[in-house]
Amino acid sequence: MKRIINIFPILLNLILLILIPSVHAQTFEEHTLKFPMMHEYDGAYQISQMGDKGLLVLRNRYAGEKSNVISEIQMTYVKSSFQKKWTKDISLNHYGDFKLNTYDDEFAYFLMQANKNNYQVLRIRLEDGAHKVFYYKNVEKMTVDYFEAHNNVCFFGGHAENRPIVTRWDLDSDKRNILPSVHQIKGGLYCMEFDPKSDMLTVVVKAQMTSIHRGLYILDYSMDGLIDKQYFEELQRDYNYQTFRPYHNSKGQLVMLGTYGLGNLSDETQGIYSMIISKNGYRMHPKFYDFSFFKNFYSHLDEKQKEKSEAKFHKRREKDKITPLRLEIMPNRLQFMNNQVVFVVNDVTFIYPFNDQAKYLSDGFYSKAEVPTYTSFVQNYENMIRRKGEFIPMNLLDEKMKDHLPFPIECNFNRSFACGFDYETGELKWDNTYVTRNLKTEMPIESVTAYADNRKVAFLHVNRDNFFYKISDRLKYTNNLKVVSLQDYSPGKEVKKFTSGGVQHWYSNHFIFTGTKTVKTLYNQKEKENYFFLTCLSYSNRVLSE
């Protein structure tokens with residue numbers, strides 16, 4: 001009697017053996033769009049990221065300094081499925097320099113500045129690319145650092161006459177007004193962010209009423225420009241708020257996350273704070289999370305170093321003493337995913353061109369409202385950093401510069417912390433750590449990001465032709481770094497020039513990596529290709545949504 005062999009299990013095992021490498025390689029799916037350039041300075045590319053609405057790629061063919069010119073703008077709309085929907089060529093007269101951008105459900109808005117006192121808003125309809133330019137007569141003589149727009153209402157934030165100012169401009173009626181309780185304050189504007197889910201504009205002002213009386217104003221405004229809630233806190237001796245990341249929970253309360261330092265004027269960072277501002281303007285449940293208390297703060301060290309560091313920390317904590325960490329932190333934007341808020345902060349080292357000509361020397365953050373943001377510094381002084389027409393990264397931080405230091409010439413990443421917060425309460429639920437490998441950037445841009453679900457956290461950073469990632473349990477540090485070559489890489493070609501635009505969370509499980517490349521063919525050095533690239537990296541085998 002012949003023995004019947006069941007070959008199904010054998011075939012199944014063979015299939016699994018074949019698929020395992022493929023599944024592993026597909027932890028991040030990669031999709032790239034290229035935009036050809038005639039040469040390496042062929043126009044300036046800018047990205048307007050719009051969540052699940054998609055992306056706008058703006059190509060500005062003019063970057064000169066002459067007046068009365070017609071600028072040829074090329075705008076490409078990329079859907080959330082990472083497919084191009086339309087490309088439009090737009091001619092603009094007296095257009096000015098592109099500064100900031102935002103979007104709503106129907107339109108994308110671009111703020112342009114022709115000179116010190118003249119601004120315009122370019123509005124693009126997402127459906128078909130139809131555009132219109134609105135001219136802003138700058139009677140307030142303000143310098144704009146922040147720009148938000150929603151439902152044809154624009155908000156400008158900045159400074160005028162050395163004081164913070166926020167103005168509201170209705171594009172339909174052309175009516176303008178200055179928002180109350182800001183311009184009367186002597187100080188600096190440090191945050192202005194619109195939350196479309198609650199239709200609230202959050203403004204943060206660091207104020208100096210007298211030489212010794214200083215504090216922090218946090219204000220919420222409605223779409224009509226009326227104050228919804230207002231909170232003031234005097235400067236504390238023990239800590240100071242450094243950065244601000246606002247959003248509103250389902251109860252309409254303002255939740256604020258950010259970094260803080262020890263002492264009342266320290267630039268060095270100690271940890272992350274969380275607070276809730278009630279509808280009545282009261283601060284509720286403030287929490288200060290010292291990085292030393294993070295479960296995975298010392299996890300990257302070997303066992304002997306880890307035990308020594310933890311023992312030293314616990315000994316000081318028993319004596320009710322704080323260990324000053326003196327970290328230089330670069331925080332990312334908040335990410336909202338899987339019913340939680342993910343906040344990634346980077347432990348970095350800035351390299352400054354120390355000299356006697358360092359700009360913006362002053363006696364503190366509070367007394368100079370005109371201290372620029374990183375973004376406005378690059379825009380206003382870009383000739384000091386890069387030539388006209390070159391690519392300017394979209395992921396530049398929008399923080400205030402340290403006014404006693406010049407612009408950094410290099411940023412070295414040491415490690416990154418990913419923190420998960422409860423969406424409603426702002427309470428810290430988990431933390432994890434990622435140690436970077438020789439990651440350096442010429443500008444302060446987001447270069448490390450993370451995705452988290454209910455069990456895992458995935459760190460991601462991209463450098464030239466490779467991307468690096470590691471996946472850990474949310475509460476447990478693992479050192480399992482993986483390196484994957486981007487599909488854009490070709491062994492027969494050599495990258496002669498590369499400019500990184502950083503990597504940033506786009507929406508859901510998708511991330512965006514941008515930059516420019518000059519590529520030469522190895523067997524024919526005369527054959528050269530210049531292009532701007534836009535790469536989507538999607539986590540965990542998920543198909544791009546339509």
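This briefing covers salt bridges in the structure above. The model is predicted. It holds 14 salt bridges.

**Asp 105 and Lys 53**
- Asp 105 pairs with Lys 53 in a salt bridge, with 3.6 Å between the closest N and O atoms.
- The two residues belong to distant parts of the chain, 52 residues apart: Asp 105 is in the loop between β6 (97-103) and β7 (107-115), and Lys 53 is in the loop between β2 (44-49) and β3 (55-60).
- Asp 105 has 61% relative accessibility and therefore counts as exposed, the cut-off being over 50%.
- Lys 53, at 28% relative accessibility, counts as partly exposed.

**Asp 347 and Arg 415**
- A salt bridge joins Asp 347 to Arg 415, and their closest N and O atoms are 3.6 Å apart.
- This pair links strand β25 (residues 340-351), which holds Asp 347, to strand β26 (residues 410-422), which holds Arg 415; the two residues are 68 residues apart.
- Asp 347 is buried, at 8% relative accessible area.
- Arg 415 is also buried, at 11%.

**Asp 465 and Lys 517**
- Asp 465 and Lys 517 form a salt bridge through their side chains, at 2.6 Å from N to O.
- Because Asp 465 sits in the loop between β30 (456-463) and β31 (466-473) and Lys 517 in strand β34 (residues 510-521), the pair ties together parts 52 residues apart in sequence.
- Asp 465 has a relative accessible area of 13% and is buried.
- Lys 517 is buried as well, with a relative accessible area of 3%.

**Network**
- Salt bridges link Asp 220, Asp 228 and Lys 229 in a network.

Methods
Residues are numbered from 1 along each chain as its sequence is written. This is a predicted model: local features need pLDDT of at least 70, side-chain atom pairs count only at pLDDT 80 or more; totals for chains, interfaces and linings use all residues. Side-chain values use heavy atoms; hydrogens and water are left out. A salt bridge is a side-chain nitrogen of Lys or Arg within 4 Å of a carboxyl oxygen of Asp or Glu. Helices (H or I, at least four residues) and strands (E, at least two) are DSSP runs, numbered from the N terminus. Buried means under 20% relative accessible area, exposed over 50%, partly exposed in between (1.4 Å probe, protein chains only).
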